[in-house]
Amino acid sequence: MGHSKAHKTKTHKRIVRIASKRFREKGLTGFGIAELMKEAGLTVGGFYKHFDSRDDLVAEAVSSAYGGWKRRVDAAKAGGLSVSLAKLIDDYLSEAHRDNPGTGCAFSALAPEIARSDKQTRALTSEQIRNDIQLIAGLLPGKDKGRARSRAILTFSALVGAMALARAVSNEALSREILNTVAELLKDSA
C-alpha cells in the first residue's frame, strides 16, 4: 500500500529541512545520503522516490536556506518588527549566528563548496545573491542607485566573509573581534 501524496510531500520537506541544516553544519560532502535518510527515519532506497540525484537534493536544500532577509522584510511590511540595515548587520554578525551554522546563512557556511556545485545550485545561488544585494541596496540611504548597489555588494561580501572567518579561527577573542569590527565599520559607513 502506497503513501498518500500529502504524506510524500511532508516526507520530502522533512528530508530537505534536515539536509539543509546538516549541509550548513558539515558541508556539502560532509553529510551523506545514508546519514540523511537514517536521520529522516527512512531507508536509503527511499531517497530516489524523492530526488533524481544528490545534486537535486543539494540544490533544493541549499535553496531552502535562502531568503531569510526577504522573509523579515515581508513580515515588517505586514506589520511585524521593522527591519533596518543596522539590525540585519547586528543579527548576521552575532555570536549566535556564528555558533549555529545549521540554522544560519548558507553563503557563509557553504560558499566555497557552492562554487564547485552543479549549474542548478549555482544558478539558484546567483539569483539569491542578486536578491540580497538588491534588498541591502534598498535599505541604504540616498538616491544614487549605482552607489547603493556598490555599497550593497561591499556590505554583503563583508558580512559573508566576516562570518566565515569568525567561524574559521580557533581563538574566541579574535572571532568576536572580527564580528564586532566588521559590524561597527559597516554600520558607520551606512
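Reply: Helices are DSSP runs of H or I with at least four residues, strands are runs of E with at least two, and both are numbered from the N terminus. By that rule, the chain has 10 helices and zero strands. This is a predicted model: local features need pLDDT of at least 70 and side-chain atom pairs count only at pLDDT 80 or more, while totals for chains, interfaces and linings use all residues. Residues are numbered from 1 along each chain as its sequence is written, and side-chain values use heavy atoms, with hydrogens and water left out.

Me: What does the C-alpha trace of the chain span along its principal axes?

Reply: About 60 × 40 × 30 Å.

Me: And how much of the chain counts as buried?

Reply: Of its 190 residues, 39% are buried. Buried is under 20% relative accessible area, exposed is over 50%, and partly exposed is in between (1.4 Å probe, protein chains only).

Me: How far apart are the end C-alpha atoms of α3?

Reply: They are 17 Å apart, which agrees with the 16 Å that the 12 residues of α3 (residues 54–65) should span at 1.5 Å a residue. The expected span is 1.5 Å times one less than the number of residues.

Me: What sits at the ends of α3?

Reply: Ser53 caps the N-terminal end, with a side-chain oxygen 3.4 Å from the backbone nitrogen of Asp55. A polar contact is a pair of N or O atoms within 3.5 Å; within protein, one must be able to donate a hydrogen and the other to accept it, and residues adjacent in sequence count only if both atoms are side-chain atoms. Just after α3, Gly67 has a positive phi of about 90°.

Me: New topic. How many salt bridges does a search of the whole structure find?

Reply: It finds 12. A salt bridge is a side-chain nitrogen of Lys or Arg within 4 Å of a carboxyl oxygen of Asp or Glu. One of them joins Lys21 and Glu25, at 3.9 Å from N to O.

Me: Where do Lys21 and Glu25 lie?

Reply: Both are in helix α1 (residues 5–26), four residues apart, about one turn of the helix. An α-helix has 3.6 residues a turn, so residues three or four places apart point the same way. Lys21 is partly exposed at 33% relative accessible area, and Glu25 is partly exposed at 36%.

Me: Which side chain does Glu39 meet in a salt bridge?

Reply: That of Arg22, at 2.7 Å from N to O. The pair links distant parts of the chain, with Glu39 in helix α2 (residues 33–39) and Arg22 in helix α1, 17 residues apart. Glu39 is partly exposed at 37%, whereas Arg22 is buried at 17%.

Me: And what about Asp91?

Reply: Asp91 forms a salt bridge with Arg72, and their closest N and O atoms are 2.7 Å apart. Asp91 is in helix α5 (residues 85–92) and Arg72 in helix α4 (residues 68–77), so the pair ties together parts 19 residues apart in sequence. Elsewhere, salt bridges that share partners join Glu95, Arg98, Asp99, Glu172 and Arg176 into one network.

Me: Back to α1. Is Arg24 buried or exposed?

Reply: Arg24, which lies in helix α1, is buried yet has no salt bridge. The nearest side chain of opposite charge, Glu25, is 8.1 Å away. Lys and Arg count as positive and Asp and Glu as negative; His and the chain ends are not counted.

Me: What does Arg24 touch, then?

Reply: Leaving out residues up to four places away in sequence, its contacts include Ala65, Pro101, Cys105 and Leu110.

Me: Last one. Where is Met163?

Reply: In helix α9 (residues 145–168). Met163 counts as buried because its relative accessibility is 0%. Beyond four places in sequence, Met163 touches Tyr92, Leu93, Ser94, His97, Arg98, Ser108 and Leu179.

How values were computed:
Contact means heavy atoms within 4.5 Å.
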